[in-house]
Structures are given as structure tokens and as C-alpha cells.
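This report covers side-chain packing and backbone geometry. Keep the sequence and structure in view while reading.

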Amino acid sequence: MRLTAPRMNPLPESEWSEEQQELAAPLKDQYGFVFNVMTTLMRNMPLLTKWNHLAGHLMVTSSLEPRLREMVIMRVGLLTDCEYEWGQHVLMSASAGLTPDDHSRIKLGAIAPGWSEVEMAVLLVADELVRDTMISDETWGQVSEHLNDQQLTDLIFTIGQYNMLAMALNSLGVQRETGVPGFMG
């Protein structure tokens with residue numbers, strides 16, 4: 001982790017409003033706790049409620065295949081040195097079919113052996129958007145052979161949203177929950 005302690009502490013449950021309790025209830029029911037990203041962002045509820053709509057679309061109703069989505073989210077976490085994002089999506093990626101071997105290959109990027117053409121292309125897109133904020137013509141040609149317009153825009157917004165989130169997580173010092181892996185495991 002870049003910071004070993006939060007700069008902004010998660011909002012303690014004893015201080016949650018009724019709105020915050022309602023927001024947290026499904027997470028508590030499903031996971032037994034509320035993620036530090038949520039309890040930290042609860043300190044700005046107007047932002048959190050608006051952000052949740054975008055994040056919800058990208059995680060639940062996006063036109064991207066879950067495997068591709070998780071690959072680019074993890075790549076963004078790695079490129080932005082955001083262990084919180086990486087670790088959460090190591091855990092979430094299992095349901096999308098990613099394996100520990102895939103996680104190791106995501107660290108290598110598009111050059112790692114074994115990726116399909118579309119997998120290589122989306123990893124290149126992630127690299128270029130994080131590095132250059134633009135997809136090159138060559139990479140656009142590769143990725144657009146496999147994804148339609150809706151998928152392409154979902155891909156760009158997924159990478160952008162997780163880049164933005166990494167900035168917040170790193171800057172706020174949001175700490176990984178117990179059991180959430182870092183880059184080394």
C-alpha cells in the first residue's frame with residue numbers, strides 16, 4: 001500500500017445516517033461488512049450516491065464480458081499502483097473465470113502468452129488510456145474488430161472510472177480489508 005494509514009478514516013457505523021444504513025444493508029447482508037471504499041466515501045454522500053450509479057452500471061449491466069471487465073480493472077489497479085483496487089478485483093475476478101495464472105499474466109500485460117486477440121486488445125487499451133488518455137489508431141483497429149460501439153464505450157468508461165477511483169483510493173489512503181490480497185499475493 002502506498003499509504004499505511006488512511007488520510008480520511010472510514011465513517012464509523014455509529015455515525016451513519018438512515019440513508020447510509022440503507023445503502024450499507026445489502027453489503028452487510030452479502031459480505032458481513034461494508035467495504036472501506038464505501039465507508040470512506042460515505043463522508044461525501046452526494047458524490048457517493050451519484051458515483052454508485054455509474055459504478056453499478058459498469059459492474060452489473062455493462063455490455064462487456066465480466067472476464068474482460070475484471071482484466072482491465074485489475075490492469076488499471078496495477079498501473080496506478082492501487083493495491084486496494086487490485087486486491088478487491090483479485091477476489092471478484094474468480095466469478096468471472098479468472099485464475100491466479102491470469103492474475104500473473106495481467107501483471108505482464110498484453111505481451112503475456114496465452115491471451116486471446118480480444119484480451120490482448122483490451123489490455124492494450126487499458127495501458128494506453130492510463131498512460132496517454134487516448135487509444136492509438138492501431139489499438140483501436142484491433143479492439144474494434146471484437147467489440148461493438150456499446151462495448152467500446154463501456155470499456156473506455158470502465159477504465160476511466162477505475163483510474164479515477166484509484167486516484168481517490170490512493171490519495172485517501174483507503175486500506176485493504178483483512179483477507180484482501182495485495183500485489184504480492
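Asp81 is partly exposed, at 36% relative accessibility. The scale runs on relative accessible area: buried is under 20%, exposed is over 50%, and partly exposed lies in between (1.4 Å probe, protein chains only). Asp81 belongs to the loop between helix 4 and helix 5. Its phi is near 55°, a positive value in a residue other than glycine. Most residues other than glycine have a negative phi. Thr133 is not a glycine either, and has a positive phi of about 55°. Thr133 lies in the loop between helix 7 and helix 8 (137-144). With a relative accessible area of 66%, Thr133 is exposed. Helices here are DSSP runs (H or I, at least four residues), numbered from the N terminus.

This is a predicted model, in which local features need pLDDT of at least 70 and side-chain atom pairs count only at pLDDT 80 or more, while totals for chains, interfaces and linings use all residues. Residues are numbered from 1 along each chain as its sequence is written, and side-chain values use heavy atoms, with hydrogens and water left out.

## Aromatic pairs

How many aromatic pairs does a search of the whole structure find? It finds three. In one of them, the ring centres of Phe33 and Phe35 are 5.2 Å apart and the planes meet at 75°, so this pair is edge-to-face. Rings of Phe, Tyr and Trp (its six-membered ring) pair if their centres lie within 6.5 Å; planes under 30 degrees apart count as stacked, over 60 as edge-to-face and the rest as tilted. Phe33 is partly exposed, at 34% relative accessible area. Phe35 is buried, at 11%. Ring pairs join Tyr31, Phe33 and Phe35 into a cluster.

Trp86 and Phe183 form a tilted pair, because their ring centres are 5.8 Å apart and their planes are at 55°. This pair links distant parts of the chain. Trp86 is in helix 5 (residues 83-93), Phe183 is in the segment after helix 9 (149-172), and the two are 97 residues apart. Trp86 is buried, with a relative accessible area of 2%. Phe183 is buried too, at 12%.

## Two arginines

Arg75 sits in helix 4 (residues 66-79). At 7% relative accessibility, Arg75 is buried. Its side chain reaches the backbone oxygen of Ile106 at 2.8 Å. Beyond residues up to four places away in sequence, Arg75 touches Ile106, Lys107, Leu108, Gly109, Leu123, Ala126 and Asp127. Contact means heavy atoms within 4.5 Å.

Arg105 places its charged end over the ring of Trp115, 3.8 Å from the ring centre. The criterion is NZ of Lys or CZ of Arg within 6 Å of the ring centre and within 35 degrees of the ring normal.

## The nonpolar core

The largest nonpolar core has 50 residues. Such a core is a set of buried Ala, Val, Leu, Ile, Met, Phe, Trp, Tyr and Cys residues joined through side-chain atoms within 4.5 Å. Val37, Val122, Val143, Leu147, Leu155 and Ile159 have the most contacts inside it. Elements giving two or more residues to this core are helix 1 (18-31), helix 2 (36-41), helix 3 (45-61), helix 4, helix 5, helix 7 (117-132) and helix 9. Helix 9 gives the most, with eight residues.

What does Val122 contact, leaving aside its neighbours within four places in sequence? Its partners are Leu68, Val72, Val143, Leu147 and Leu155.

How values were computed. A polar contact is a pair of N or O atoms within 3.5 Å; within protein, one must be able to donate a hydrogen and the other to accept it, and residues adjacent in sequence count only if both atoms are side-chain atoms.
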